[in-house]
Every structure is written in C-alpha cells, then in structure tokens.
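Here is a predicted model to walk through.

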Amino acid sequence: EKFFPKFFGFFDNEDGHYMIMENLMIGKKKCCTLDVKMGQRTYGPDASEKKIEHQKANDEKTTTAKLGSRLTGYSMYDANSDETTKVGKDLTFKIATREEMVTHYQSYFNNGNGVRKEVIQAIIPWLKELLQWFEEKPTCRFYSSSLLFTYDGADEKPNISGRMIDFAHVFPIEDGGKDDGYIMGLKVLIEIFEELSA
C-alpha cells in the first residue's frame, strides 16, 4: 500500500462512475508535483495497430524507449519570489536525452537557492523498495502508468512522497518474465537522483 494512493471507494453521479483516491497534495502549503510516465513503451498488448504506430513514434523521439521513463509535467517552487511555476507537455515532450532529463529534475528540486538534496535523498529509499518489488514479485506489466511525486516546497522538512498512478493499461504477466521496461526506468531514475543528491 506504500506504493499506491489510498482507495476510498466509488462515487456515482450524473456524469459517470468514479473512484475516490487519496489527495497527495493535502497538507502541503506550496506543493511541488512531478509526473513521470514509466516504462519503455506506452501501449499495451490490447492497442490497435494505429495506436501502436503513433505511440511507438512518441516513445522513440522522447526518452521513453531509451531510458524507460518520460517526464510529462511538474511544478516547482521559488522561495525568493514565493511563486510556483508549472512546466507542461509543451516543454517536457521535447526532452530527448538523459542530460535534458537531468536538467529538468534539477529544476524540479531547486527552490531558487539551489537543489534541495535532502528532498531527493528522502525519496531514494522508496524508489529502491519499489524496484525490489518489481524485481522480486512480478505479477503485472504497467503500460502508460506514472509515478507521482509531491513535496512541500515551502517546508524545511522534505515531506516528499511517491505513488504509482494511472492503471488503465495493466496486464497480468503470463510468460514468466518481468516488467523490464518499468524496471529499467526505475534504475535510471535512482541513478539520476543519486547523482543529484550526492
């Protein structure tokens, strides 16, 4: 349960059927969020040929295929101006190399006075535990699923959390393998975070 948002049941109204999930932004005065789409491909085995062609092209021109993850968006807090800035797909979709990815992670963890290494150090053990779970208990493959990170940019204590989100394309593993694309993405992410927090 430490890897997923808490589930509070379902809610129905005239617009549809909804799941009620934990709000990971609660309790954070200046919430900095980071969405990272995990895996080396974003299409599942149920995808149409047209979707596979489209998604494969996107995966190849971004960092998905090469590094096992892709930044989709984030918000960062500047302590000097007391302002939060959002960075969306118009910029993150252009990230094509590891170096560019590192630059954006530096921006996410920077509060205007430098990279907050203590925040990064606080989330690395969680990432390593998640990696161990994927390697030792492979049950499903996750396509187009994300990791969502949140921390309070205005708080001296890290108060950072990570959760897996977006489970529309999850399939049981029936070939005895593992989710190698997700595992690769986690290893690269841990490697980058360890570099930034050293």
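Contact here means heavy atoms within 4.5 Å. With that in hand, begin with helix α5, residues 117-136. In this predicted model, its axis and that of α6 come within 9 Å. The two axes cross at roughly 160 degrees. Angles over 145 degrees count as roughly antiparallel, so α5 and α6 are roughly antiparallel to each other. Their crossing is left-handed.

Which residues in α5 meet α6? They are K117, I120, Q121, I123, I124, L127, K128, L130, L131, F134 and E135. On the α6 side, the partners are Y182, I183, L186, K187, L189, I190, F193, E194, L196 and S197. By class, the residues of this contact of α5 with α6 divide into 14 nonpolar, 2 polar and 5 charged.

Now turn to the second pair. Helix α4 covers residues 98-109, and helix α6 covers residues 180-197. The axes of α4 and α6 come within 11 Å. They cross at roughly 55 degrees. That angle is why α4 and α6 are oblique to each other. The crossing of α4 and α6 is right-handed.

From α4, the residues in this contact are R98, M101, V102, Y105, Q106 and F109. From α6, they are L189, E191, I192, F193, E195 and L196. This contact of α4 with α6 has 8 nonpolar, 1 polar and 3 charged residues.

Look again at α6 itself. Its residues L189, F193 and L196 meet α4, and L189, F193 and L196 also meet α5.

Key. Residues are numbered from 1 along each chain as its sequence is written. This is a predicted model: local features need pLDDT of at least 70, side-chain atom pairs count only at pLDDT 80 or more; totals for chains, interfaces and linings use all residues. Side-chain values use heavy atoms; hydrogens and water are left out. Axes are lines fitted to C-alpha atoms, for helices over the stretch in contact, and angles run from 0 to 180 degrees between N-to-C directions. Helices (H or I, at least four residues) and strands (E, at least two) are DSSP runs, numbered from the N terminus. Angles under 35 degrees count as roughly parallel, over 145 as roughly antiparallel, 65 to 115 as roughly perpendicular and the rest as oblique. A crossing is left-handed if the near helix is turned anticlockwise from the far one by less than a right angle, and right-handed if clockwise. Ala, Val, Leu, Ile, Met, Phe, Trp, Tyr, Cys and Pro count as nonpolar, Asp, Glu, Lys and Arg as charged, and the others, Gly among them, as polar.
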